[in-house]
Amino acid sequence: MTQDSRSSAVPAMPDELRADVRLLGELLGTVLTESGGADLLADVEALRALTIEAYQSDEDSLAKAEELVESFSPERAAEVARAFTCYFHLVNLAEEYHRVRTLRGRDSSAPGAMLPAVDTIPGAISQLRGEVGEAETLARLARLEFRPVLTAHPTEARRRAVSAAIRRISENLVLLDDPRANDAERAEIRRALLAAIDVMWRTAPVRTEKPSPLDEVRTAMSVFDTTLFEQIPLIYRALDAALQPETTGTVPPKAPAFVRLGSWIGGDRDGNPNVTAKITREAAIIAAEHVLLGLEKHTLRIGRELTLDASTTPPSRELLDLRERHRDLSEDLTGTVEERSPGEPHRQVLLVMAARVRATRERNADLAYPDPEEFLADLRTVQTSLASAGDVRSAYGELQDLIWQVETFGFHLAELEVRQHSQVHRETLEEIDRLGIDGALSDRSREVLETYRILGRIQRRFGPKASRRYIVSFTQEAADIAAVYRLAELAAGGSKPPVIDAVPLFETFEDLHNSVDILTAALEQPAVQARLAATGRKIEVMLGYSDSSKDVGPVSATLALYDAQARIAEWARVNDLELTLFHGRGGALGRGGGPANRAVLAQPPHSVDGRFKLTEQGEVIFARYGDKAIATRHIDQVGAATLMSSAPSNEQRNAGAAERFAQVAETMDRVSRERFYDLVRADGFPQWFASVTPLEEVGLLALGSRPAKRGLSVNSLEDLRAIPWVFSWTQARINLTGWFGLGSALAAVGDVETLHAAYREWPLLRTMLDNVEMSLSKADERIARRYLALGDRDDLAELVLEEMRLTREWVLRTTQHTRPLESSRVLGRAVQLRSPYVDALSLIQLRALKRLRAGASEAEVPELRQLLLLSVNGVAAGLQNTG
C-alpha cells in the first residue's frame, strides 16, 4: 500500500467515540496551556500537523517534523513527549469505554429470533448440540476449564499512579455519558475531568525504581478486587440463563464454575533473584487475604439479608445439626448471633459461617475452616435446606453466586505456581551430592531447598491446590523432571514432602522437537507414576512461545509449536493420559500474542479437549480483565473457543488443512528459518541490534522486578530475554519479531491461488497472517529506516527492509487485501489514527538515540536517557504493545 492511500483507508470513527476523543483532547490542550503556556501547545500542534501530513503522503513533512524536533530544547522535547503520551492514554481509555458502550448496547438490545453467535458459550453449545447431541454437549460443558495464569513479565510500561489517574478520568467519562445528568452535574464532571487530566500530566510517567515482586502481586490483586471476584459468578449466571432461561435462579444450576486462576507473580524465580522463598510465602498470604476478605463480606451480606423465619422457611435436620456444630465451636458466638436473629436459623448459620471465614483469615484455629471444601459443604447444607423449605430463589440466587466464587477461587484465590530453570536444579543436586545436604551449600542451593519447604507450609495452611505446580524451564531431558521430586524429598528431610506436579516447559526449537521422547522417558520415573495415580492420570505440559520464536523466527516457531502439540496430544492418547497443554503466550505477537480465542480454534485435534491454560502477561492482564464488560466478553469468547476446539467440524477442518497444506508448511518452515538465520547469525548481529534499537535503554526502564538479561552481555542473544528482544524491535517501529521470514516463505511457495486457499481453509495460517497484518500495520518503513541507519551495517539494514517489503507484499497477495487490517475495521481505524502521533514520539526518541550513539558527553547522558525513556513510555502507549 502506498503512503497516498493511507488517509482514505481510515474507517469512519463512530460519532460517540469522536465526541469523547475531541472532548478529552480539548481538555488536555487546556491543561497544557495552563501548565506550559500557549507556546507548549503550539509546539505540540505544529509537530502533530507535520506528522499527520507526512503520514498521509508528504515525505517532506516528515523531514520538517524531524527538524522541528531537533530545534526543541531538551526540556521542551521532554514536555512534548509527555503531551503525546498523555494524549495516547486519553485516546486509549476513550476507545476502551466505547468498546464497553458497544458491548452493553448488544446486551441491552431486544432479543430476536437469531441464535447466539458461535463465539459465545451459548452459541458454542448450540452448535455442539447439532454435532454431538445434547448429552455429550452437557458432559463437555461440565468438563470445561479455562485457566488464565497471571504473570509479572514487565510489559506494563506506565506507572500505577498514571493508571489510577486514567481510571478516574474513565469513571468521569462514564458519568458524562449518562443522559440523566443535568447542566450543573455536567459542569462538575467536566471540572473533575480537567482535574484528573491535570494530575496525570503532572505525574512523572516513568518509574524511578523497579517494583518489588510484592508490588507486582498487589498490582495484580487490583484486577481481582475490581473485576474478577464480582464478575465471575455473573458470567456463570449468564451461561446458566442461556442453558435454562425460564428457571435459572430457581433450580440447581447447569453452568459449571469453569474458570480457575493461576499466578506466577511471586513464584517465578527463573532468572529473577528478587523472588525468594519468603516472597513466595508472602505472595500466597496476600492473595489469600484478598479472597477471604471477599468471601467474608459476601457471606456476611447474604446472611444479614436472609431474614427468613423458621415458621415460613423451616430448617432441615442437616441445617440444625450444622448449627449445633457451630455451638460446639463457640457458645459465645452462636449465642450472640441467635440473640440478634431469633427464629431465623438460616441467617444464624450464615452469620457464624462469615465469622469462621474471618477466623480463617486471622488464623484463629478454634474457629477457622480447615479448607474451602468444608466451607462449601456448609454452604450447600444451607442451600439444600432453603430449597427443601420452598425458598428456591434464596437457595439458587446470591447463595449460588457465593458457591461459584468458592469453587473458582477457594481460599487461595489463584494457584501460585513456582518456576525455576532446570540448570539451577542440576547444579543444586551436584552441590548436594558433593557436600551433603547439611554441608556448606551456596546461598542459591539453600534457597532452592527452602522454596520446597515454603510450598509445604503454604499447602498446610491453604491446601495443596494453593501451590503444587512446579514449572521446569528449559526441560531438556527426563532427569530435569526427576530432579524436582528428588529435591522435594531432600528438602523435607524425612518428613512428608509437599505435593508437587512437575510441569516440563519446552522452550527452544530443539526441545520442542524432542518433547515426546523426553515425556516418554519421564513416564518411567516412580515419582511421576505416583502423581499420575493420585490425579487420575492427569498431566500438564507447557510450551514456550517466546524463546522458540527468538530461536528460529516467528514462522518456524509457529509451525513447530503446532507440530509439538499434535505429537504430544497423540502421545497422551496412546498412554491414556488426560493432557492439559499450558501455552506460554505473551501479549506481543512476537511472543505468541494475538486474540486467544482464534488461537484456540487453530490448535491440533485433541490438543485442547475442553481445557485451555495460558499465561496472561503484563499489560494484557489489564486490557483483558481491567473492565467488567471486557473481561466478561473475553472469558465468554475463550470459553466458547475451548468448547468448539474439539467439535468434530473444527477438528476435521484443522486436521484436513494440515494434511492438505503440509508441503506449503514444509516450504515455509525451511525458507523462513534460513532467512531468519541470515539475519541473526550474521557476524556482529547482536551488537548491531543493540545499536539500532533502544535495547540498552529498555533495560534501564523500571518495568518489573525481573532483570532484562539472564546474566550475559548483548554479545549473546541466547541469554537475552524475550521481552527486551520484542520490546526493542517494537520501539524501533520494525516489529521484526512478529513477521520476519514470512515474506520469503510465502514467496517461495509462490502459487497465489494455493496460498489464498490455505489462508481461507487453514486456521493456523489464517491466524498467523491476521496477526502479522497487525504487526505490519504498526511498523513503519520510513521510521524504521531512520533507526536502522544508527548502525554501521547497510547490508543488515537492507536485509530487514527488503524482508519487510516482501512480507507486506505477499501477505496482502495471500489475504487478497489492499491494506493490512482491511477486514478489521475497528482495529484498523485505531492503528491508523494513532500512527502519526506515534511517529512524533519516534522522532523524539531518535533524537535522543542518535546523540547517545554518537557519544554524548557524560553530562548529557542522564538528560538524553530520561528523554528516551519518556518516548519509550509514549510509544508503548501509542502502539498498545510492549513486550
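Over which residues does pLDDT stay under 50 while the model has 23 contacts beyond four places in sequence?

## Model and confidence

This is a predicted model, in which local features need pLDDT of at least 70, side-chain atom pairs count only at pLDDT 80 or more, and totals for chains, interfaces and linings use all residues. Residues are numbered from 1 along each chain as its sequence is written, and side-chain values use heavy atoms, leaving out hydrogens and water.

The chain has a mean pLDDT (the predictor's confidence in each residue, from 0 to 100) of 90, and 92% of its residues reach 70 or more. Residues 1-10 answer the opening question: pLDDT stays under 50 there, with 23 contacts (heavy atoms within 4.5 Å) beyond four places in sequence.

## Nonpolar cores

A nonpolar core is a set of buried (under 20% relative accessible area, 1.4 Å probe, protein chains only) Ala, Val, Leu, Ile, Met, Phe, Trp, Tyr and Cys residues joined through side-chain atoms within 4.5 Å. The largest has 122 residues, and L47, M668, L679, W688, I734 and W762 have the most contacts inside it. Helix α4 (residues 74-108) gives the most to this core, with 14 residues.

Beyond its neighbours within four places in sequence, L679 is in contact with F685, W688, L736, F740, L796, L799 and V800. Another core, of 83 residues, lies apart from the largest one and includes I232, A257, L319 and F462.

## Packing of α5 and α9

Helices (DSSP runs of H or I, at least four residues, numbered from the N terminus) α5 (residues 121-132) and α9 (residues 213-243) have axes 9 Å apart. I121, P122, I125 and R129 of α5 meet L239, A242 and L243 of α9. By class, this contact has 6 nonpolar (Ala, Val, Leu, Ile, Met, Phe, Trp, Tyr, Cys and Pro), no polar and 1 charged (Asp, Glu, Lys and Arg) residues.

Definitions and conventions: Axes are lines fitted to C-alpha atoms, for helices over the stretch in contact, and angles run from 0 to 180 degrees between N-to-C directions. Helices (H or I, at least four residues) and strands (E, at least two) are DSSP runs, numbered from the N terminus. Buried means under 20% relative accessible area, exposed over 50%, partly exposed in between (1.4 Å probe, protein chains only).
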